[in-house]
Amino acid sequence: MKQAFEVKDKALLEAAELILAEVKAIGADEGETWVSRSALTEVYYELGKVSMVRTVFSDKVSLKLLKDKRKGSTTLNSFAPQDIRLAVLEAWQAAQSAAPDEAEGIAELEENLSFSAGEEQPDLDAMYGQLEQLLKDVRQDFPKISFDSIGIEHNFGEKLYANTNGVRLSERRGLYQLSNMFMAKEDGKTSSFNYFATVYENPADRVCDENRVRRLLDESQRQIETEQFAGSFEGDLVITPGCLENILYYVADTYLEDGALISGTSPWKDKIGEQVASPLINFELVAEHPELPGTSMLNGDGYVAENMPLIEQGVLKNFSLSRYGAARTGLPRSKNSGGTYVLGNGDTPLEEVISEVERGILMGRFSGGNPGPAGDLSGVAKNSFLIENGRITKPLSEVMISGNLADMLRNTVAVSQERENSGYWLLPWIRVKGVTISGK
C-alpha cells in the first residue's frame, strides 16, 4: 500500500535526522542514509525434530557522505547518538583520502512516500502447524524424502531512506519464508541434495499444495539412481523455472547492470531497441506484482522502484542501472535496479515443449563459475534428466553444459504456458537449442 510519508518507528527517523545533521555539521556537501529495524522469528527443524525457536532483533545503519565528490561511507548496528557521531567521523575521514569521482551523488527529491505490506506479528501456531503438515504430507506422498533441515520464518522490518536533498522514503513489510534442504533415500542409496524456498503472506497455506514443491520432491525420488553417458553432443536444454532464475541473474549481471556497462564489457551496451533474443522472450523487473509478495518498492539508491521491461519480444528495452551507474555511463537511470524477475509465459504446454526435443536434457539446477564478459558459460547440470525422442528417459549423473548466454536467449524456441512462483520470481520453462552437453 502506498501512502504519504510516515515512519511508524520514530527511532528510525530520529537516527536518520541525527546522521544528516552530523553530516552537515562536519562540513560534507551531501549525505544519505538507510536506517532499518527488523524482527526475525524462526522455527528450525533438523535431525527429525524442532531444534530451535527464536526471535532475533536487528538494527542496521548505512551512511554515505560526499565532500568535493570524495566519498566516505560506513555501516553500524546501533542507533545510539554517540555511535552515530563516531560513524559520521569515520566516513568523513575516509572521504579525505578518497579520490574524487564526478559520478558520485545522491537521489534527487521527487515525492516522499511510504509503503507497507504484510503482517507485523508472526503467527507461531500457524508456523508450527505448517511445519507439521509439510512433514505429514511428505511422509504420505513422498516417503523416500529425507529433510536435512527446514526453516520457517517470519520477518518484519521497517526501513527508511533519507538524504540531505530532503528525500524521505520508507517501507514496512512482513513476510513468511520456508526454506529447506532435502534428499531422497532408499536401500542405502541417496539422491543429490536439492532445496526450495517459498515466500508468502499466509502461514496457513499448505506447502505441498504447490505444484513446484511436489515436482521437486518427486524428481528427487526419481534421482536416487542416476546414469551417465559417454561423449558429448549438441542438443536442446529445457530449463526449469528455478534454474532459469539463476540463468537470468547471469544475463542481468553480464549484460545489463552497472559493472558490465561501466567497464564497457557488455556486448549489449549499444543494443537498446535492437533484437537481442528470441521474440518469445519477455523479461521484466517488477517492484509490485499481485502474485509476488517478495517485491520491494524501493531501489537501493533512494528512488521509488517501478515495474520495468528489460526485453520485450526479444528487443532490448532497458538496462538495469543505478543512479551511480547512469552517471558513470551517461545512460538513463533505470526505474528498477532490483532482482525480482518475471518472464512472460508462452503458448506451448510444457508436455509439448519436452515432446519436441529429439535429444537433450531437462536441467533442474546449474553449478558453475560466473560467465565470461561475453557471456560464455560452462558448468555442471545437476538434478537433471535425459530427454530422448520427446520423452524424459532417465535421471543423469552430473553432466557438463557449455554455451553462451546471449546465444541461449536467441536460440530459445519454446516457452511453456505453465509458470512457477517462488514469491520472489514468476518464471516458465524454456527450451534452448544448440547447447553442448557432455558426459564422462
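What follows is a walk through a few local features of this predicted model, from its nonpolar cores to a helix pair and some loop residues.

Let's start on the inside. The largest nonpolar core is built from 48 residues, and the ones touching the most other members are Leu-237, Ile-239, Trp-268, Ile-311, Ile-361 and Ile-401. Helix H5 (residues 241-256) supplies the largest share of this core, with 9 residues. There is also a second, separate core of 24 residues, and Leu-134, Val-138, Tyr-176 and Tyr-200 are among its members. Back in the largest core, Ile-311 is worth a look. Setting aside residues up to four places away in sequence, Ile-311 touches Trp-268, Val-276, Ala-277, Ile-281, Asn-282, Phe-283, Leu-316, Lys-317 and Leu-409.

Next comes a pair of helices. Helix H1 (residues 10-26) and helix H2 (residues 81-97) have axes that come within 10 Å and cross at roughly 40 degrees. The crossing of H1 past H2 is right-handed. On the H1 side, the contact is made by Ala-15, Leu-18, Ile-19, Glu-22, Val-23 and Ile-26. Facing them from H2 are Pro-81, Ile-84, Arg-85, Val-88, Leu-89 and Trp-92.

Now for the loops. Glu-227 sits in the loop between helix H4 (211-222) and strand E10 (232-239). With a relative accessible area of 40%, Glu-227 falls between the 20% and 50% cut-offs, so this residue counts as partly exposed. Once neighbours within four places in sequence are left aside, Glu-227 is in contact with Lys-394, Pro-395, Leu-396 and Ser-397. With Lys-394 there is a polar contact too: the two side chains are joined at 3.3 Å. Glu-227 and Phe-385 are 158 residues apart in sequence, yet their C-alpha atoms are 9.4 Å apart in space.

Lys-69, in the loop between strand E3 (49-67) and strand E4 (70-76), has a phi near 65 degrees, which is a positive value in a residue other than glycine. Asn-389 also has a positive phi without being glycine, this time near 50 degrees, and its place is the loop between strand E18 (385-388) and strand E19 (391-395). As for accessibility, Lys-69 is partly exposed, with a relative accessible area of 27%. Asn-389 has a relative accessible area of 68%, and since anything over 50% counts as exposed, Asn-389 is exposed.

Note on methods
Residues numbered from 1 in each chain as written. Predicted model: local features only at pLDDT ≥ 70, side-chain atom pairs only at ≥ 80, totals over all residues. Heavy atoms only, no water. Helix = DSSP H or I, 4+ residues; strand = E, 2+ residues; numbered from the N terminus. Buried < 20%, exposed > 50% of the residue type's maximum accessible area, 1.4 Å probe, protein only. Contact = heavy atoms within 4.5 Å. Polar contact = N/O pair within 3.5 Å; in protein donor to acceptor, adjacent residues only side chain to side chain. Core = buried A, V, L, I, M, F, W, Y, C linked by side-chain atoms within 4.5 Å. Axes fitted to C-alpha atoms, helices over the stretch in contact; angles between N-to-C directions. Left-handed = near helix turned anticlockwise from the far one by under 90°.
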